[in-house]
Amino acid sequence: MNSIESSEGQELQNLGSGAWDNPAYSGHSTPHGTLRICTISSAVPPKPEPKKPEDGPQGKAHGILVSSCCLQISRSIRGLWGTTLTEDTAGNRELYIKTTLRELLVYIVFLVDICLLTYGMTSSSAYYYTKVMSELFLQSPSDTGVSFRAISSMVDFWDFAQGPLLDSLYWTKWYNNQSLGRGSHSFIYYENLLLGVPRLRQLRVRNDSCVVHEDFREDILSCYDVYSPDKEEQLPFGPLNGTAWTYHSQDELGGSSHWGQLTSYSGGGYYLDLPGSRQGSAEALRDLQEGLWLDRGTRVVFIDFSVYNANINLFCVLRLVVEFPATGGAIPSWQIRTVKLIRYVSNWDFFIVGCEIIFCIFIFYYVVEEILELHIHRLRYLSSIWNILDLVVILLSIVAVGFHIFRTLEVNRLMGKLLQQPNMYADFEFLAFWQTQYNNMNAVNLFFAWIKIFKYISFNKTMTQLSSTLARCAKDILGFAVMFFIVFFAYAQLGYLLFGTQVENFSTFIKCIFTQFRIILGDFDYNAIDNANRILGPAYFVTYVFFVFFVLLNMFLAIINDTYSEVKEELAGQKDELQLSDLLKQSYNKTLLRLRLRKEQVSDVQKVLQGGEQEIQFEDFTNTLKELGHAEHEITELTAAFTKFDQDGNRVLDEKEQEQMRQDLEEERVSPAGCWRGSVALNTEIENLGRSVVRNPPGESHPEAARASGWVSGEEFYTLTKRVLQLETVLEGVMSQVDAVGSKLKMLERKGQLAPSPGMGHQGIWEHLQPASAVTPVPWRVQGGPESGGGGVVKHQTADASLTTSPEALSAHALHF
């Protein structure tokens, strides 16, 4: 200490009359060597260095400006796309939570935007539109009582086509037989415009598509197999006049394949576009019936048409399908797609335009983010399921944007073609199909987008329980799944072979699988199983429910429950890390501190002592501090004072001990050399020191050159000063604990429970408690000499080392260590 004081005098003498000792930051050291600030400054400005001929003021200013702009741009870009994968958050829990929270807030905005886009493409009226169209075309009966749903033969088909179909397609008069006054256009239910004309199309198979057994060849002269593309008939038949009797390929018609009840059918075939009037369509259908357009070779008939409702701006594309299997009879099915193909009509649509622009900006933002993360982590980036989910969401979003552009262009082309030729078939089937797939893709993308929220809330203990449980029991579930599906598929095969010919739910192997899942959930038809096989049916049902439901399913639940209990127990035993609630509480406390609404720690302790109680319990002391808004580490520091004044060690402060504590706190609060004042002084001194630091050392115009010469940047300097402050806080806590231990030892010694060693007094016990290699922190100092032009040198001394920086270094925003 004497050497330090002598160095202060030497510095003052070297600086001359222009130097002074700053009393605001100087003070005597505390008994325990608490950090002391001593600053010596000089009013004489440093002498400028001689400039080199090539270093003109304009050139240097230009270089500094360019480097400063580049640094600011790089920092802005890094901050804009900063994530937990691009930032070094491994050793900084607070930075990890802040970065994750920022990512979460940005992602919530993206999620809201994608929700608006997804729901903006749907309409609450779509369901009712589909319901009205299905009731009209599927349930309207003919004069013979046949509706589309009830078609079971070719005769029923012709009854429906010439009756309910034509009545439902052509609406040209009001209910009082008064004309609608809209020309030849048909408005179904007076609101829905029939686009173009309907189309009938059929697919046939060849006569030689199968082989008749030799025992029946004399009686059966022709054989028509089930439909397949290689057995499709492509030769003309019938009267050979018109498209209804001539085959056209899928490319010629511009059609698409259809997945029916029995098989998948191509987009070609024999077709007829009905005329624009009801009378003309009735005559065309009558000609087809008389010409035997449907016969044994027919396997499927399609009825396609589209309607548009301007009130709700929705298209309804209908396809009525009647399959004629090789077994005979008819199987009706239908496909009704209600889609929104025309965009940007209402004010809501224009609001969606803004959301689409924001969506594209987000896609660009996340694409750049993924590129940066892939560049940093390479293939290791794909090791996380969350990163893969990020890529899936981005790829689906890019595909959605591409399809949106394609859909807009294609609708404009079709509408323009339809307006030029209103009596032609309006083929919206292809566009409606892909619009439906587009909606499905957006639904899946939105689902993944919601699931992705777990990525940003996984830093919380509660939120990690689900992912940790599933990850830990994955191997056990996988092993159990093998046993489960062995038994499950065995029962599926058994059910298919036992009941497949009589029960619809077991008619195919795929249906058997889903039926057995329904049995697990309690949805089954036991009577159908019992009627199909009165002996093996009940045996199948009872054994399946016992082994699969009562045994295997409960084993599955037991594995998850046991793993969840283990995970929950481990999480409860883990050390509490910085949580989001702690970060929010710290931010709240900082805000109160800036608004001068938070009191000092000493004042809060005095508030506890002013309660008027004769005795203060240790638990009441800590609970009151928690109610006053102190964090755990602050309470630990303040409870050290409680222990210091608890002389009898009973964790209770009596009136005498409270009075001593109150007097000591009052002195400490008004004392200019208090420990809190020392911390504030250190913070203020370092902040002032940081403001005087410039970017580069003297004579160095490039950051790399500065680093090569041993200098550090301003950013690194602030990082080091932050660590020094953190170290000071830790040391203060340690010294408080040491003070408490020393007080207890003195108390035990007074009670006679602790006898000092021979030749060791109170001071000896204290010195014995001090670590041998302790480093006494000495404050930052500014010293200099005449040879430096009267400038100061920033100097921080310890017992073992010193840290010195010249004033020229300060003018270059760097420190030389």
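Helices (H or I, at least four residues) and strands (E, at least two) are DSSP runs, numbered from the N terminus. The structure described here is a predicted model, in which local features need pLDDT of at least 70 and side-chain atom pairs count only at pLDDT 80 or more, whereas totals for chains, interfaces and linings use all residues. Residues are numbered from 1 along each chain as its sequence is written, and side-chain values use heavy atoms, with hydrogens and water left out.

The chain contains 26 helices and 17 strands. Of its 817 residues, 39% count as buried, where buried means under 20% relative accessible area, exposed means over 50%, and partly exposed lies in between (1.4 Å probe, protein chains only). Contact is taken as heavy atoms within 4.5 Å. Among contacts between residues at least 6 apart in sequence, 64% join residues at least 24 apart.

The cavities of the model were examined next. On a 1 Å grid over the protein atoms alone, a cavity is a set of points where a 1.4 Å probe fits but cannot get out, and lining residues have an atom within 4 Å of a point. Grid points are joined across faces, edges and corners, and a volume is the space filled by probe spheres set on the points. By this rule, 6 cavities of 30 Å³ or more are counted. The second largest cavity has a volume of about 110 Å³. It is lined by 13 residues, of which Arg201, Gly255, Arg319, Tyr425 and Asp427 are the closest to its centre. Strand β4 (192-204) and helix α10 (429-451) each supply at least two residues of this lining. For the classes of residue, Ala, Val, Leu, Ile, Met, Phe, Trp, Tyr, Cys and Pro count as nonpolar, Asp, Glu, Lys and Arg as charged, and the others, Gly among them, as polar. The lining of the second largest cavity comprises 3 nonpolar, 4 polar and 6 charged residues.

One pair of helices is described in detail. Two packed helices are described by the angle between their axes and the distance between the axes. Axes are lines fitted to C-alpha atoms, for helices over the stretch in contact, and angles run from 0 to 180 degrees between N-to-C directions. Helix α13 (residues 474-499) packs against helix α14 (residues 509-520) at an angle of about 115°, and their axes are 9 Å apart. The residues that meet are Phe484, Phe488, Phe489, Tyr491, Ala492, Gln493, Gly495 and Tyr496 in α13, and Phe509, Cys512, Ile513, Gln516, Phe517 and Ile520 in α14. By class, this contact has 11 nonpolar residues, 3 polar residues and no charged residues.

Several individual residues illustrate buried positions. Thr298 is found in strand β8 (residues 298-309) and counts as buried because its relative accessibility is 1%. Apart from residues up to four places away in sequence, Thr298 touches Gln202, Leu203, Arg204, Trp293 and Phe324. Leu341 is placed in the loop between β10 (331-339) and α8; with a relative accessible area of 2%, Leu341 is buried. Its contacts, not counting residues up to four places away in sequence, are Phe315, Arg407, Val411, Phe428, Leu431 and Gln435. The C-alpha atoms of Leu341 and Asn313 are separated by 8.3 Å, and these residues are 28 apart along the chain. Ile616 lies in strand β11 (residues 616-617) and counts as buried at 5% relative accessibility. The C-alpha atoms of Ile616 and Phe642, 26 residues apart along the chain, are 9.9 Å from each other.

The loop between α4 (126-139) and α5 (154-169) holds Ser147, and Asp143 lies in the loop between these helices as well. Ser147 counts as buried because its relative accessibility is 12%, whereas Asp143, at 87%, counts as exposed. Leaving aside neighbours within four places in sequence, Ser147 is in contact with Leu138, Gln139, Ser140, Pro141 and Phe160. Between the C-alpha atoms of Asp143 and Phe160, 17 residues apart along the chain, the separation is 9.1 Å.

Backbone angles were also considered. Tyr189, although not a glycine, has a positive phi of about 55°. This residue is placed in the loop between β3 (187-188) and β4, and at 34% relative accessibility Tyr189 counts as partly exposed. Arg378, also a residue other than glycine, has a positive phi near 55°. Arg378 is located in the loop between α8 (347-377) and α9 (385-420) and counts as exposed, at 54% relative accessibility.

How values were computed
1 Å grid on protein atoms, 1.4 Å probe; cavity = no way out; pocket = protein on both sides within 12 Å on 5 of 7 lines; lining within 4 Å.
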